Amino acid sequence: MGTLRQKAGTGKRRLKNAWRELQPPPPIEQQDTAAVTERAVTPQKFAIESAPATERIHARLDASDVEAIAAAANADDTMIDFPVPPGAPPRQVRMTDAWSKATGIERKRLDLVLGAHYEIDSVLEKTGLLTVRPPEEVHAMTHSALGAGGAFYQADLVADGLASARAPIAEGDNILDFGSSSGRVTRALAAAYPEAKLFGCDPNGPAIEWATANLPGIDFRVSPNDPPTSYEDNFFAAAFGISIWSHYNERLALAWYDEMWRILRPGGHLISTTHGAQSVAFYGKLGLRSAQQLTDIKAALYDTGYWYAAEFGKDGDWGVVNDEWGTSFVSQEWVLDKLTPKWEVAEYATARNEDNQDVYVLRKPAA
Ligand SMILES: C[S@@+](CC[C@H](N)C(=O)[O-])C[C@H]1O[C@@H](n2cnc3c(N)ncnc32)[C@H](O)[C@@H]1O
C-alpha cells in the first residue's frame with residue numbers, strides 16, 4: 001500500500017513536470033496573445049472541440065448544397081450501421097434520426113458524409129470528396145454509410161493538434177498517415193488541404209492496394225511490421241498514427257517512434273494516440289474489458305507505465321500477423337521517461353480521441 005501511494009505520488013509529481021516540460025511555442029502574431037496566456041496556464045486548449053478540417057471543407061458549400069443534403073437525409077428511412085468501438089455490439093440507427101439529432105459541428109461533419117453518401121454533384125465538385133467506399137473484405141475502421149467521404153472527426157483531431165502546436169498544415173507539406181488502413185483519415189485531410197501532399201502506409205496489403213486504386217493523388221505504400229520505412233530522412237513536416245501506438249508492445253513502440261523521428265524534418269510533428277488511464281474508465285464503462293483485466297492494467301500503469309497483450313491470435317489483425325501488435329496502454333510518465341528529450345511534448349490532451357485515447361503531439365526538435 002505504501003509503495004503504491006509512493007508510486008502514485010511520483011506519478012503526480014512527474015505529471016506536473018510534464019506540464020513544465022511542454023516546450024514554449026514559437027513566436028506568434030501579436031493579436032493572438034489571449035491564446036498564449038490561456039495556453040501558459042494549461043495545455044488542455046487542445047481538448048476544446050475544434051474542427052479546422054471540417055470547417056475548411058464545409059465553408060465551400062452554399063445554402064442550396066446544404067438544403068439538398070437535408071432533403072435527401074430527411075427522406076431516407078433506411079436503417080444504417082452506427083460506427084461503434086472495436087468489440088462493441090453492433091448498433092443500427094435510422095438515417096433520419098441520425099440526421100435530426102446531429103447539431104453543431106457534428107451536423108457539419110454529417111453534411112460532408114452525406115454529401116458523399118448521396119453523391120450530390122455540387123457537393124462533390126466543391127469539396128473534392130470521393131464517394132468510393134472500401135468493400136467489407138477490405139480493412140476500414142467502419143464500413144458504414146456514416147463513414148462515407150472520409151473520417152472528418154479524426155482529420156480534425158490531426159489538423160487541430162498541429163495548429164495547437166503552432167504548426168498548422170501548410171502549402172507543400174509532406175504529411176504521413178502512419179497505419180492508414182484504406183485511407184479514411186488521409187482522404188478527408190486531402191480534401192481539406194489540397195495544397196499539402198498526403199502519404200499513407202500500412203502493413204495491410206489489400207487495404208493499401210484498395211486505397212492506391214481508389215484514392216488518386218495520395219501516395220500509399222505497404223510498410224513493414226518493423227522499421228524502417230522506405231521514406232527518406234527528414235522528409236515529412238508531420239506524421240500521425242491514429243490508434244497505432246495503442247497496439248504495439250514496448251520494444252516496437254519505441255522502434256517506431258525512432259523511425260518517425262528519422263523521417264520527420266527538424267521541427268516536424270508526430271501525433272500519436274495511445275490508451276491511457278482514461279481508457280481504463282472508457283472500457284470499464286462500456287463493459288468491453290473485464291474488471292480483473294482493467295485492474296491489472298491500472299497496476300501496470302503505476303508499476304512500469306506500460307501494459308501490453310498480444311490479442312490478435314494466429315490469424316493476426318486482418319491478416320497482419322505480428323506477436324508485437326496487440327493492445328497496449330501507456331502512462332504519461334512512460335512517454336516522458338522514454339521519449340523526451342529526444343522528442344519535445346508540444347501538446348497533450350487526455351482522452352482527446354473519442355473520450356478514450358490520449359493524444360500526444362510530439363516535436364522533433366528544430367536543428
Ligand atoms: C486500429 S486501425 C487504425 C487505422 C487508421 N489509422 C484509422 O484510424 O482509420 C490500426 C491499423 O494499423 C495497422 N498496423 C498493423 N500493424 C502495424 C505496424 N506494425 N505499423 C503500422 N501500422 C500497423 C493495421 O493494419 C490497421 O490498419
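Student: What should I keep in mind about the numbering and the model?

Tutor: Residues count from 1 along each chain as its sequence is written, and side-chain values use heavy atoms, without hydrogens and water. As the model is predicted, local features need pLDDT of at least 70 and side-chain atom pairs pLDDT 80 or more, while totals for chains, interfaces and linings use all residues.

Student: In what order do the strands of the open sheet run?

Tutor: Strands of a sheet pair through backbone hydrogen bonds, either parallel or antiparallel. Here seven strands form an open, mixed sheet in the order S5-S4-S3-S6-S7-S11-S10. Strands are DSSP E runs of at least two residues, numbered from the N terminus, and two of them pair if DSSP finds at least two bridges between them.

Student: Which are the edge strands?

Tutor: S5 (219-222) and S10 (344-353), each pairing on one side only. S10 is antiparallel to S11 (residues 357-363) over six bridges; Glu 347, for example, has Val 361 in S11 as its bridge partner.

Student: Which residues come nearest to the ligand?

Tutor: A residue is near a molecule if one of its heavy atoms lies within 4 Å of it. Of the 17 residues around the ligand, Gly 179, Arg 184, Asp 202, Ile 242 and Tyr 248 come nearest.

Notes:
Helices (H or I, at least four residues) and strands (E, at least two) are DSSP runs, numbered from the N terminus.
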